[in-house]
Amino acid sequence: MASMVLKRSSYSGMRSMVGALSTGLRSYASLSVGTDIVSAAPDVSLQKARSWDEGVSTKFSTTPLKDIFKDKKVVIFGLPVNLAFITFQGAYTGVCSQQHVPSYKNNIDKFKAKGIDSVICVAVNDPFALNGWAEKLEAKDAIEFYGDFDGKFHKALELDKDLSVALLGPRSQRWSAYVVDGKIKSLNVEEAPSDFKVSGGDVILGQI
């Protein structure tokens, strides 16, 4: 999102703009504890982060949600990062890069100790840009990154967010969930995409 790359002097202004998006709009998804995430998003697939060459070699394959969640304990978090914007700016700063992803990466051993099979990051971006970002953050060994290139996953779960007022277009909420065999056991959604209060790795560790 734009706040990731703005200088400190203008960050507060962007934060106010993004926060204002919540006024009069849906702040939380209709999902709840017990929802089957696979059934809630039928026929939706995600795209595992990879290089363009890997995309060609795999014939641009996608991954059905059942393959991600069935018979597994999964921690998943979504963020509203705009990779085209931060790539253009040439910097990976702000909430998504400096706080959200590291809060999971730095706690990966604790997640594994609690029996978590996979920690997943998903964003409304193509899997190729997402792959480059994940590599820059040196997080691919700990976290599985998936693209939701057309936003269908987040729309189906009502976790989408229109950030057009900030010239970012369709994005996602900032959120996290603990999912067991497809069923949501805990769900955390920030009130505004610029917030980082309830969706971090430390919070969900305490919910497992």
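## Overall architecture

The protein chain contains 10 helices and 9 strands. Helices (H or I, at least four residues) and strands (E, at least two) are DSSP runs, numbered from the N terminus. The structure is a predicted model, in which local features need pLDDT of at least 70, side-chain atom pairs count only at pLDDT 80 or more, and totals for chains, interfaces and linings use all residues. Residues are numbered from 1 along each chain as its sequence is written, and side-chain values use heavy atoms, with hydrogens and water left out.

## Burial, surface and contacts

Of the 208 residues in the protein chain, 50% count as buried. Buried means under 20% relative accessible area, exposed over 50%, and partly exposed in between (1.4 Å probe, protein chains only). The protein chain exposes about 9,700 Å², and carbon and sulfur atoms supply 51% of this area; the areas come from the Shrake-Rupley method with a 1.4 Å probe.

A contact means heavy atoms within 4.5 Å. Among contacts between residues at least 6 apart in sequence, 73% join residues at least 24 apart.

C96 lies in helix 6 (residues 94–105) and is buried, with a relative accessible area of 0%.

Helix 6 has 12 residues and reaches 16 Å from its first C-alpha to its last, close to the 16 Å expected at 1.5 Å a residue. The expected span is 1.5 Å times one less than the number of residues. Helix 6 is mostly covered, as 9 of its 12 residues are buried, including V95, C96, S97 and H100.
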